Amino acid sequence: MKSAIVILGAALCALQGAVAAERKEKLSPDRIEAAIGQKGLKQHLRALDKIGKKNNGNRAFGTTGYAQSSDYVLSQITTKRDKDFKTWTQEFNHTYEETRDISVTGPNGEDVEVLSLMYNNATPLPGGVTGELVAVPVDDTAGSGCLVEQWSGLNVTGKLALVKRGTCSISDKLKIAKDLGALGVILFHNTNSTPNAATLSAENIGKLAPVGLVSLTVGESWLARIAANETLTVTLLVDSIFETRSTWNVFAETLQGDSKNVIMLGAHLDSVQAGPGINDDGSGVTAQIEIIKALRGFRDIKNKVRFAFWGAEEPGLVGSLYYTEHLTSAEANKIRYYYNYDMIGSPEPVYGIYSNENSGIGAQLLLDYLVAKGKPAYLGSFGTGSDYVGFLELGIPSSGIHTGGGVPADPCYHLACDTFDNISWEALELNTKAAARAVATLALSVKGLPPRATTSVNPRSARMMRAQFSAWEEIKLEVAGGHSCALKTKRTV
């Protein structure tokens, strides 16, 4: 009798589960679009903004701000006895850098407003370095100080170099300056906008001259005085620390769907240290949370949908590269498409769709929807600027939306003012709806998706393993030098 009761109870539970599933509507692009609205998007961005404010103004990896952001996301995308999603984290280590203090004292003894850069090398403490300012010739075509020959005839040994930002990566300029014996570099901004943060990459620790970033106005003023044969003496102080810290990626995946056909979406969860990162990339994070919540209301999801909230993107796409580098070929083959959502709510938005020859229908779905809504959406190229890089390297078809960073699209890009007030709610809602419709379409059918572009080499051979390791190391160095959220072939900071 007891076993009969158990069997009856099990049957009853199964029946209740089936009834509950039947109450859900069938997934469709129209239905999931209707489930997306501004209320939820605003709720999550308010929460992330509040977390940033409580944690030294940022949500950078390796900080309590990041940990609390991760806790918040998990609280929103999981439920008790979850029957719709499984969630997990993937831990990894990376070098954390923090500039504890930076100052520039000008030639007249004045305090000059200055910004540090991620992985800035320290000066001697407590006094910093003081020296004559030597102007490196301005070259807006090849880039000022980008080439060794541009320093020919300059004596920067034991002095500070005055260099204009732009064209090549800042680390290229700083390597040359250090090799030539400069005490440090005063880098002046290349536009009239507020100077913003950039990364010099953890791989360059100890290889670069210390640097302080000042405004274009200050730089051009000092340049003019040096040209008039004035001798300017400047002091630069950089107090920075480096230490290995643990961080992690966060994942959620539908329980429904074919595990051999995975549609994947990604947005980075960390901010720069300069600000709370509400557009960059709280906008992508809130979009993914709302799409996860919407998917819970539907049944008949044919293909699995996997969401990634990447850690340590700002220091050089560290989390997504760690994930993709450690995928087996079999695991990579199951990811049929990757969508990247990094900055999709810029206050003066462009509507750029990442695309290449292998993007196919995935990119077209985004483009067609936004154009139908009257937006001047366009297909733009990938670069080295966001978390799609590892997926492209694996040959996984990819796309995504990007609404622009820097002036005029987002003047608060990588600055303290990237807060809750730095969002176009129309753009964010529209782009989230576009992302939801696209993923729903592919979750129902992968027909027409291009195959993964694979090679026929034997990955198990020692030679190929060494080659693969070298390739990933080169990719990491490339993105560290060119990391930016711009939708261009390559944009360096």
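Let me start with one spot: K86 lies over the face of W88, with 5.2 Å to the ring centre. By "over" I mean that NZ of Lys or CZ of Arg is within 6 Å of the ring centre and within 35 degrees of the ring normal. A second case is K42, whose charged end sits over the ring of W425, also 5.2 Å from the centre.

Before I go on, a word on what we are looking at. This is a predicted model, in which local features need pLDDT of at least 70 and side-chain atom pairs count only at pLDDT 80 or more, while totals for chains, interfaces and linings use all residues. Residues are numbered from 1 along each chain as its sequence is written, and side-chain values use heavy atoms, with hydrogens and water left out.

Now the overall picture. The protein chain holds 13 helices and 15 strands; these are DSSP runs numbered from the N terminus, H or I of at least four residues for helices and E of at least two for strands. Of its 493 residues, 56% count as buried. For that word the cut-off is under 20% relative accessible area, with exposed over 50% and partly exposed in between, using a 1.4 Å probe and protein chains only. The chain exposes about 20400 Å², and carbon and sulfur atoms supply 52% of that. Those areas come from the Shrake-Rupley method with a 1.4 Å probe, and for residues only the protein chains shown count as cover. Take the contacts, meaning heavy atoms within 4.5 Å: among those between residues at least 6 apart in sequence, 84% join residues at least 24 apart.

Back to the rings, then. How many aromatic pairs does a search of the whole structure find? There are 17. Rings of Phe, Tyr and Trp (its six-membered ring) pair if their centres lie within 6.5 Å; planes under 30 degrees apart are stacked, over 60 edge-to-face, and the rest tilted. W310 and Y323 have ring centres 5.4 Å apart and planes at 50°, so this pair is tilted. It links distant parts of the chain, with W310 in strand 11 (residues 303-310) and Y323 in helix 8 (residues 318-325), 13 residues apart. Both W310 and Y323 are buried. Y337 and Y339 make another tilted pair, 4.9 Å centre to centre with 50° between the planes, and both of these tyrosines are buried too. Our opening tryptophan also comes back here: W88, F251, W310, Y323, Y338 and F391 form one aromatic cluster.

Next, please turn to helix 3, residues 38-54. Its 17 residues reach 24 Å from first C-alpha to last, close to the 24 Å expected at 1.5 Å a residue; that expected span is 1.5 Å times one less than the number of residues. Which residues of helix 3 are buried? They are G40, L41, H44, L45, A47, L48, D49, I51 and G52. An α-helix has 3.6 residues a turn, so residues three or four places apart point the same way. The cover over the buried residues of helix 3 includes helix 4 (64-77), helix 7 (278-295) and helix 12 (425-444). After helix 3 comes N56, with a positive phi near 60°.

Two other non-glycine residues with positive phi are worth a look. N229 has phi near 70° and is in the loop between helix 6 (216-227) and strand 8 (233-254). H414, with phi of about 60°, is in the loop between strand 15 and helix 12. Buried or exposed? N229 is exposed, at 70% relative accessible area, whereas H414 is buried, at 6%.

The model also has cis peptide bonds. One joins L125 and P126, with omega about 10°, and P126 is in the loop between strand 3 (111-112) and strand 4 (129-135). Another joins V407 and P408, with omega about 5°; P408 is in the loop between strand 15 (398-402) and helix 12.

Now for some strands. Strand 6 (residues 184-188) and strand 7 run parallel, joined by four bridges; strands pair if DSSP finds at least two bridges between them. F188 has V214 of strand 7 as its bridge partner. From strand 7 (residues 211-214), V211 and L213 point one way and G212 and V214 the other, and all are buried.

I'll finish with H94, in strand 2 (residues 85-105). H94 is buried, with a relative accessible area of 12%. Leaving out residues up to four places away in sequence, H94 touches F61, Y119, A202, E243, T244, R245, P315 and V318.
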